[in-house]
Amino acid sequence: MNALHEQFVLEARELIHEATNDLIGMEREGTSPERTNRIFRAFHTLKGSAGVVELPSMVLAMHAAEDLLAAVNTRKIGVTAAMIDQTLGCLDQISRWVDAFEMHGSVPADAGEHAEAMARRLRALLANIAESPSVGLDHQTPATPVAGPLPEWISRLLGAERQSISRHLQQQPSMLFAVSYEPRTDCFFQGDDPLALMQAIPNLLAIRIEAREAWPALADFDPYSCILRFVAVCAGNRDDLADVFRLVPDQVQIVEVPVEALPRQGAPAFDGGTLDLVRAIVEEQRLVLTASGERDDLTGRAGAAGRTAANALRHGRLHHLAEPVEGAMETTVASVDVAALLSALDGAVAFLASDTEPAAASDGRTVRAAEPEAEAAGISPSRSPRVNEDRIDALLNLSAELIVAKNAVVHLARRADEELGAHDLARAVKRESETIERLATEMHEAILQLRLVPAAQVFRSFPRLVRDTAQRLDKKATVVTQGETTEADKTIVGRLFEPLLHLVRNVLDHGIESSAERRAAGKPDIATITLRASREGDRFVVEVGDEGRGIDPEAVRRKARERKILTEEDLAALSDEHTINLIFAAGFSTATEISEISGRGVGMDVVRTTVEQLGGRVSLTSRVGVGTTVRLDLPMNIAMTRIMAVEAGGQVFGIPMDAVTETVRLRPDRINRIKGNEGFVLRDRVVPICSLADLMNLPASPNSGGATRLVLVLETGGKIVAIEVDAIRDRLEVVLKPMQGLLSNARGYAGTTLLGDGKVLLVLDIKELLP
Amino acid sequence: VSVRRREDGTIVLADRCPVEDAEPLLQLLLATPGAWVDWEQCTHLHTAVLQVILAAHPPRRGPCGDAWVREWLPAL
């Protein structure tokens, strides 16, 4: 694949992703000119680049979609669920073609037929909608109260009219409602007077009238075609308000506004919309400044950019940022050097970047729910060089070899000491090797950083996925993501998709109640699924939370009994908390019926297996009626593994440290024989002993007569077991290489690593080894 | 018709301005771009008339005679 094709694949994926998010946002929050325009542009660009790489079928499909979107963009037609479904379907198809193009350099042979069928479907939609121009989504979207972020039109109005609204609320606390009324273009012919309806709104607090599209030239203006949009905020109750608009329900959207949504006086307006906008404007000014241009006009540009940025910051009530920007602007104008202003703008951007996150997180919901990547929406994303992953991995391998080579130096120092008696030399070599170790480790970590990717990479597909799945199940759910900037190794983030997919499907299928049940339980119609990533020490923790029906421990116990997951005694001994975690056991499903969405509960088993393969753990907490949270506790990096080298049967093996809970020396009298097996009591628990030599089919060492015996206590998969070894050698941090070639299928091995003396150490996978 | 042009060229809106006033108002504004609009005597504005004012954005003489418009749309 040549560079042009590579660029096309990258760009197409980004555009598909952006357009998908915008389409979902459009469905959920209604349209805005910026949004429809963004979608239109994405399709337009996709069509163009498909033409460049000569994919006529893709051009054909995109062209039809583009026509449809152009009609939406110019408000010729309204947005319908069918239209969004079809355009999303079109993006899916394009995405599959892009994958095929990447793999084979061409699209499948049947692409032409598919493209024609799709174009026909899209055009049919255009014809259908055109006949009934005002079929809007609005009557199906109103959510009361809105779950998640407020639509942009509300936050804009609230921001502008904050003072008068809060004054009213202080005098007379009440519920707040926002109304968006988009009269049909032919409403004047129906005898409607939209303004009269607005005047009838009881307890009006704020109103704004705007054009839904750009005003045409006056000569082309049709005075009897209504292109206005009315937005208002009022107090009181919903029924009175709905009564005003009872004749135009399809043109109006009523949303309850939580009083907390009102920006507080003095405090920065923590609505994501405003802050994102301010940040976008400030970043734009930065671009203006750095754009190449004549030195002569720098003064003008700096003045304009500085003033614009300062005004934007004041608009966001960030006066403490506006002042330094103005100061720096004067310096820059005086010295004809952009440095001062640039650094002030950078400071403001950094503050905005850091400030939006915690503020948004503190109220439990982030603004990202609406636009998973707000920074991608209007703000130029930080451009980092694209580096081929293979090159990073090659660097990583080299640095790992360096660490191994360093181990060899330590080995040499020991030999110098023991064999030659050169103690001073040995010490000096050891000291130097410590320096090398520090540098090698730092370098290794720096390279590992290159492999870090944000959790957003795996979260980004979920809004779409949840939308489609929920629709199929006839449920309502939205995804809120938190901490998507948290980074972890790309392998871990990449492999998380499957377990998260199973978890989210399970939540939608089993966790979230039907709308009727939710209403009966007093819960909002739209269920919220939270995807949260966070760092805890060197762990990368991902949680999937829902506020659905929760898991009933009794039901789990019953199922576990039926499926014979555990014996009756074991079950009785388990606490409720441990019991619900049984759903991760193989062959378990709490669903009464097997459904298409989440299958037979194999999903939960897959979740556990995948996470454990990555060196992580799964746990679950749940309260009946309140909801469930599944926690995936993963390492941030998978490259380094801490192992313990042990001897057994005359050989040396590595055992991963994360499995070992303690090492115990046992006098023979502590060991009991139970039915031919050995065991001992450790803190009131009977721990069976297995000999590692036996497990590996090696001859047992002869001296296990009367001397003390050494065991490693391991806890794995909920079981506790002691492994007897002959000796413990070193504890090492190693880079584990997977078993290769003929050995790649051998059970019981986690991988191999090179020791300092050049020997290969086999690292065991204890779980697979145990009977 | 409640829309007319005064001798000094100012376009005057008086009393109730119904939907039919939108077209004549637009024609007057097209004929004399930049003409003033006096709406002090206008007691009620129909949406269509308001829309023409929004689209043409002519300079206005006096506060609007429609109390609701005066109160809620002061920036108009």
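Colleague: At what angle do helix H18 (residues 462–473) and helix H20 (residues 497–511) of chain A pack?
Modeller: Helices (H or I, at least four residues) and strands (E, at least two) are DSSP runs, numbered from the N terminus. Axes are lines fitted to C-alpha atoms, for helices over the stretch in contact, and angles run from 0 to 180 degrees between N-to-C directions. The axes of H18(A) and H20(A) are 10 Å apart. The packing angle is about 35°.

Colleague: What kind of model is this?
Modeller: Residues are numbered from 1 along each chain as its sequence is written, while chains are lettered from A and ligands numbered from 1 in the order in which they are written. Side-chain values use heavy atoms, leaving out hydrogens and water; local features need pLDDT of at least 70, side-chain atom pairs count only at pLDDT 80 or more, and totals for chains, interfaces and linings use all residues, for this is a predicted model.

Colleague: Is the crossing of H18(A) past H20(A) left-handed or right-handed?
Modeller: A crossing is left-handed if the near helix is turned anticlockwise from the far one by less than a right angle, and right-handed if clockwise. H18(A) passes H20(A) in a crossing that is right-handed.

Colleague: Which residues of H20(A) make the contact with H18(A)?
Modeller: Contact means heavy atoms within 4.5 Å. H18(A) brings A:Phe462, A:Leu465, A:Val466, A:Thr469, A:Ala470 and A:Leu473. H20(A) brings A:Phe497, A:Leu500, A:Leu501, A:Val504, A:Leu508 and A:Asp509.

Colleague: How do the residues of that contact divide?
Modeller: Ala, Val, Leu, Ile, Met, Phe, Trp, Tyr, Cys and Pro count as nonpolar, Asp, Glu, Lys and Arg as charged, and the others, Gly among them, as polar. The contact of H18(A) with H20(A) then splits into ten nonpolar, one polar and one charged.

Colleague: Why does A:Asp509 count as buried?
Modeller: A:Asp509 sits in helix H20 of chain A. Its C-alpha is 9.0 Å from that of A:Lys475, 34 residues away in sequence. Buried means under 20% relative accessible area, exposed over 50%, partly exposed in between (1.4 Å probe, protein chains only). A:Asp509 is buried because its relative accessible area is 12%.

Colleague: What is the relative accessible area of A:Glu543?
Modeller: A:Glu543 belongs to strand S9 (residues 539–546) of chain A. Leaving aside residues up to four places away in sequence, A:Glu543 touches A:Thr530, A:Leu531, A:Arg532, A:Thr629, A:Val630 and A:Arg631. A:Glu543 is buried, at 16%.

Colleague: Which residue of chain B does A:Leu205 touch, not counting residues up to four places away in sequence?
Modeller: A:Leu205 lies in strand S2 (residues 204–211) of chain A and is buried, with a relative accessible area of 8%. A:Cys234 is 29 residues away in sequence, yet 4.9 Å away C-alpha to C-alpha. The residues touched include A:Ser164, A:His168 and A:Val233, and from chain B, B:Trp72.

Colleague: Is A:Glu54 buried or exposed?
Modeller: A:Glu54 lies in the loop between helix H2 (33–52) and helix H3 (56–73) of chain A. Although not a glycine, A:Glu54 has a positive phi of about 60°. With 64% relative accessibility, A:Glu54 counts as exposed.

Colleague: What is the phi of A:Asn697?
Modeller: A:Asn697 is in the loop between helix H26 (692–695) and strand S18 (709–716) of chain A. A:Asn697 is exposed, with a relative accessible area of 71%. This residue is not a glycine, but its phi is positive, about 55°.

Colleague: How much of chain A counts as buried?
Modeller: Chain A has 27 helices and 22 strands. Of its 771 residues, the buried share is 47%.
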